Amino acid sequence: MRLRLTADMIKDEALDRVETLSGQKLRACYQCGRCSAGCPVVDEMDIVPSEVIRLLQLGQMEEVLSSKTIWTCASCLQCASRCPKGVEFSNICDALRAIVLRTRLATPKVDADGLTRVMMSDAPQMGVVGALRKLNG
Ligand code: SF4
Ligand code: SF4
């Protein structure tokens with residue numbers, strides 16, 4: 001049987017939450033695969049970007065939240081530049097990581113107050129900010 005899946009058939013609170021947090025219209029994705037085809041780190045992902053979006057459309061949030069992909073995305077925006085629907089996958093990953101960190105971790109992974117003065121002066125500033133953003137949600 002052939003099932004035609006349209007955007008208004010997809011009603012899911014978890015999907016709404018990801019759309020709100022990310023500012024992206026996941027329902028607009030029509031699975032052309034251009035994002036996955038152009039991603040420079042796709043070989044390191046367990047679920048490619050277009051599949052992540054499809055799983056979210058189909059309500060498979062747990063599978064996506066436990067995937068390596070949301071931590072692998074390097075936020076390079078290559079996929080966004082290729083997407084005919086203007087979907088920015090890195091923003092979706094930001095949202096998914098925030099959901100994981102807010103729901104599964106009691107304490108942040110990087111304690112800003114615990115960073116030593118030596119570490120702060122030696123570590124690349126962007127690396128520290130990136131770690132705080134990525135690992136603390
Ligand atoms: S933003 Fe992430 S998913 Fe998109 S191309 Fe870059 S690394 Fe791949
Ligand atoms: S490029 Fe855009 S429309 Fe195509 S699969 Fe990726 S997110 Fe969906």
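# A walk through an all-helix model

Let's begin with something that isn't there: a search of the whole structure turns up zero aromatic pairs. Keep in mind as you look around that this is a predicted model, so treat each value below as computed from that prediction.

An aromatic ring does turn up in another kind of arrangement, though. Find Tyr30 and look over the face of its ring: Lys85 lies there, 5.5 Å from the ring centre.

Now step back and take in the whole chain. The protein has nine helices and zero strands, and if you read along the sequence you get the pattern α-α-α-α-α-α-α-α-α. There are 137 residues in the protein, and buried ones make up 34% of them. The accessible surface comes to about 8600 Å², and 52% of that belongs to carbon and sulfur atoms.

How many salt bridges does a search of the whole structure find? The count is three. Start at Arg27, whose side chain meets that of Asp16 in a salt bridge, with N and O 2.9 Å apart. Arg27 sits in the loop between helix 1 (13-22) and helix 2 (34-38), while Asp16 is in helix 1, so this pair ties together parts that are 11 residues apart in sequence. Arg27 also forms a salt bridge with Glu19, and there the closest N and O atoms are 2.8 Å apart.

Glu19 has a relative accessible area of 18%, and because buried means under 20%, Glu19 counts as buried.

The remaining stop on the salt-bridge tour is within a helix. The side chains of Asp94 and Arg97 meet in a salt bridge, 2.5 Å from N to O. Both residues belong to helix 7 (residues 89-104), where they are three residues apart, or about one turn of the helix. Here's the handy rule behind that: an α-helix has 3.6 residues a turn, so residues three or four places apart point the same way. Asp94 is partly exposed, with a relative accessible area of 21%, whereas Arg97 counts as buried at 5% relative accessibility.

For a helix that's mostly covered, head to helix 3 (residues 49-57), where seven of the nine residues are buried. Which ones are they? The buried residues are Pro49, Ser50, Val52, Ile53, Leu55, Leu56 and Gln57.

Carry on to Ser67, in the loop between helix 4 (61-65) and helix 5 (69-72). Is this serine buried or exposed? Its relative accessible area is 3%, so Ser67 is buried. A polar atom of the Ser67 side chain lies 2.9 Å from the backbone oxygen of Val64, and one lies 3.5 Å from the backbone nitrogen of Thr69. What does Ser67 touch if you leave aside its neighbours within four places in sequence? In that case, Ser67 is in contact with Asp46 and Ile47.

Our last stop is about backbone angles. Most residues other than glycine have a negative phi. Now look at the loop between helix 5 and helix 6 (78-82), where you'll find Ser75. Ser75 isn't a glycine, yet it has a positive phi of about 55 degrees. Leu77 is found in the loop between helix 5 and helix 6 as well, and its phi is near 70 degrees, again a positive value in a residue other than glycine.

Conventions:
Residues numbered from 1 in each chain as written. Chains lettered and ligands numbered in written order. Predicted model: local features only at pLDDT ≥ 70, side-chain atom pairs only at ≥ 80, totals over all residues. Heavy atoms only, no water. Phe/Tyr/Trp six-rings, centres within 6.5 Å; stacked < 30°, edge-to-face > 60°. Lys NZ or Arg CZ within 6 Å of the ring centre and 35° of its normal. Helix = DSSP H or I, 4+ residues; strand = E, 2+ residues; numbered from the N terminus. Buried < 20%, exposed > 50% of the residue type's maximum accessible area, 1.4 Å probe, protein only. Polar contact = N/O pair within 3.5 Å; in protein donor to acceptor, adjacent residues only side chain to side chain. Contact = heavy atoms within 4.5 Å. Areas by Shrake-Rupley, 256 points an atom, 1.4 Å probe, with all protein chains shown as cover. Salt bridge = Lys/Arg side-chain N within 4 Å of Asp/Glu carboxyl O.
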